[in-house]
Amino acid sequence: MAAATSWVERAETLNPEVRPFIDGDYQQPRSDVTFVDASPRDGTTVAEVPNCDAADVDAAVAAARQAFDDGRWRDRSPRSRKRALLRFADAIEAHRDELALLESVDVGKPIADALRTDVPGCANTIRWYAEAVDKIYDEVAPTGPDALALVRREPIGVVGTVVPWNYPLILAAWKIGPALAAGNTCVLKPAEQSPLSALLLGGLAAEAGLPDGVLNVVPGDGPSAGEPLGRHPLVDAIAFTGSTAVGRRFLMYAAESNLKEVALELGGKSPQVVFADCPDPEAAANAIAWGIFYNAGQTCHAGSRLVVEASIEDRLLAGIAETAAALQPGDPLDPQTTMGAIVSAEQHERVSGYLDLGQREATVALGGHTAQPVAGGYYVEPTVFAGVDNRMRIARDEIFGPVLTVHRFDGSPDRAIALGNDTDYGLAAAVWTSDVTRAHRVARELRAGTVWVNTFEVSDLATPFGGYKASGFGGRDRSLHAFDHLTQLKTTWIGLGR
Ligand code: NAD
């Protein structure tokens with residue numbers, strides 16, 4: 001890996017593509033308004049990006065509509081789509097350094113993480129769905145001898161994909177991977193904090209030979225570009241990842257326009273439930289620390305609430321502090337850095353507000369302050385608040401920063417389950433215990449889309465990801481189940497005459 005100075009030098013000469021990618025090419029934006037895309041690393045401007053509006057969205061949707069309707073993509077054999085998508089994945093990997101640098105500069109992610117996780121995660125996702133699509137069979141229904149009833153999956157059409165800034169490449173790939181593999185066409189709207197890697201994906205798709213109009217990328221903020229996409233009458237489905245508040249809006253847009261399908265992946269406040277018989281407290285502490293501090297806590301399923309049996313609390317907190325010592329905020333462009341920046345001044349201020357609240361209402365067990373490893377940037381120390389009552393705002397709100405709240409319980413599984421479930425969200429949870437019966441029981445009772453037992457964060461593209469309650473509905477990302485909301489089931493009933 002290149003040295004820190006080299007990444008800083010490269011960042012200084014960055015000249016990223018900012019124009020919307022529509023119908024196979026970068027186009028002049030219809031909107032003449034721009035927004036400043038600032039780097040949270042040091043607050044400097046990375047680029048002035050077009051704030052695309054309804055006219056740009058119209059052009060992108062028209063291109064996607066045409067590309068869907070004329071069959072240039074959906075009528076290809078699955079194997080042919082697979083080949084094109086495999087080339088797309090190869091192109092992403094071939095541009096690993098460039099994409100990682102864009103990602104690191106745009107959102108303040110450690111360059112090492114972007115190189116090791118985000119770019120490969122994006123390429124692997126595209127590849128996984130490419131490989132899957134020519135191995136899926138449709139169904140023949142068990143009718144009587146006078147009929148043949150085929151149950152086929154058809155692509156749903158034009159898919160609007162709207163994503164947040166915390167994992168721009170990976171989350172875009174979780175949407176466009178299965179959508180494109182299934183034969184849909186896409187309009188991708190990245191978050192205004194992180195448009196650059198998505199815009200490069202557009203060019204790479206063209207380089208890989210995806211037909212014009214199959215993947216379009218429109219940068220812009222929520223009201224200017226997101227809302228027109230959500231309300232567009234020619235969009236058949238929205239695949240959204242982001243906050244619960246904006247997820248609600250997409251439901252409204254769909255209801256007030258063409259009743260397009262909406263799949264929502266939203267926020268979280270995931271509990272880590274630890275019993276005193278946790279098999280390896282040191283390993284648990286390490287996983288719990290990584291589970292909240294990785295990506296500076298800006299992870300939807302971050303294990304942000306520690307529900308811990310009183311007798312093991314001190315030991316666990318000591319272990320978390322030990323791991324956190326190696327997870328201090330640093331320059332995202334230094335390959336040694338393990339924790340980067342908070343994405344924006346606004347988000348930094350929000351997280352700082354929760355630090356103040358926690359200092360007033362709870363006991364600071366670790367950190368509790370902002371940090372400044374790079375002048376002008378936005379950073380927060382790994383923070384642990386102990387003695388937290390689950391009714392406090394720090395326990396209820398999704399802070400989306402490196403902040404863990406600690407909730408003690410007396411050892412009763414029912415109390416632990418009640419505390420774990422006492423949240424509006426239900427994205428993920430974990431239970432740590434040596435008692436296999438209790439592990440199964442608690443895992444069954446926790447209302448979350450993923451429950452880990454004696455581990456955290458490990459996952460595979462083969463497993464679905466999504467939430468219960470206010471963490472979303474309408475579909476799952478990852479696994480073959482992602483095709484469920486990106487395809488329609490069609491029954492073709494053939495009378496065989498009698
Ligand atoms: P956000 O909801 O503010 O923004 C997400 C996307 O929606 C962005 O592209 C944004 O431009 C767009 N948007 C914002 N306002 C809009 C509007 N009025 N109309 C249409 N589009 C609009 O979320 P964020 O702050 O970017 O991301 C953080 C949130 O994302 C957290 O809540 C986090 O938990 C969630 N998230 C969930 C998952 C998951 O898989 N469940 C994964 C990552 C992040």
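The second largest pocket of this predicted model has a volume of about 630 Å³. Its lining consists of 25 residues, and those closest to its centre are Thr117, Ile170, Trp174, Glu457 and Ser459. The largest share, 5 residues, comes from α5. By class, the lining of the second largest pocket comprises 14 nonpolar, 8 polar and 3 charged residues.

I turn now to the largest pocket. About 1000 Å³ of space lies within it. Of its 37 lining residues, Trp165, Gln193, Gly242, Ser243 and Val246 are the closest to the centre. At least two residues of the lining are supplied by each of α8, β10, α9 and α12 (345-361), and α9 gives the most, with 7 residues. The lining of the largest pocket divides into 18 nonpolar, 11 polar and 8 charged residues.

What takes up the space of the largest pocket? The ligand does. The shell around the ligand draws two or more residues from each of α8 (222-231), β10 (237-241) and α9 (244-256). Here too α9 gives the most, with 4 residues.

In total, 29 residues surround the ligand, and the closest are Glu192, Ser243, Tyr253, Leu266 and Glu398. This shell holds 16 nonpolar, 7 polar and 6 charged residues.

A polar side-chain atom of Ser243 is 2.6 Å from a ligand oxygen, and a polar backbone atom of Leu266 lies 2.7 Å from a ligand nitrogen. In Lys189, a side-chain N or O atom is 2.9 Å from an oxygen atom of the ligand. Taken alone, the ligand exposes 840 Å², of which the protein buries 90%.

Key. Residues are numbered from 1 along each chain as its sequence is written. This is a predicted model: local features need pLDDT of at least 70, side-chain atom pairs count only at pLDDT 80 or more; totals for chains, interfaces and linings use all residues. Side-chain values use heavy atoms; hydrogens and water are left out. A residue is near a molecule or strand if one of its heavy atoms lies within 4 Å of it. A polar contact is a pair of N or O atoms within 3.5 Å; within protein, one must be able to donate a hydrogen and the other to accept it, and residues adjacent in sequence count only if both atoms are side-chain atoms. Accessible areas come from the Shrake-Rupley method with a 1.4 Å probe; for residues, only the protein chains shown count as cover. On a 1 Å grid over the protein atoms alone, a cavity is a set of points where a 1.4 Å probe fits but cannot get out, and a pocket is an open set with protein on both sides within 12 Å along at least five of seven lines; lining residues have an atom within 4 Å of a point. A molecule sits in a cavity or pocket if more than half of its atoms lie within 2 Å of its grid points. Ala, Val, Leu, Ile, Met, Phe, Trp, Tyr, Cys and Pro count as nonpolar, Asp, Glu, Lys and Arg as charged, and the others, Gly among them, as polar. Grid points are joined across faces, edges and corners, and a volume is the space filled by probe spheres set on the points.
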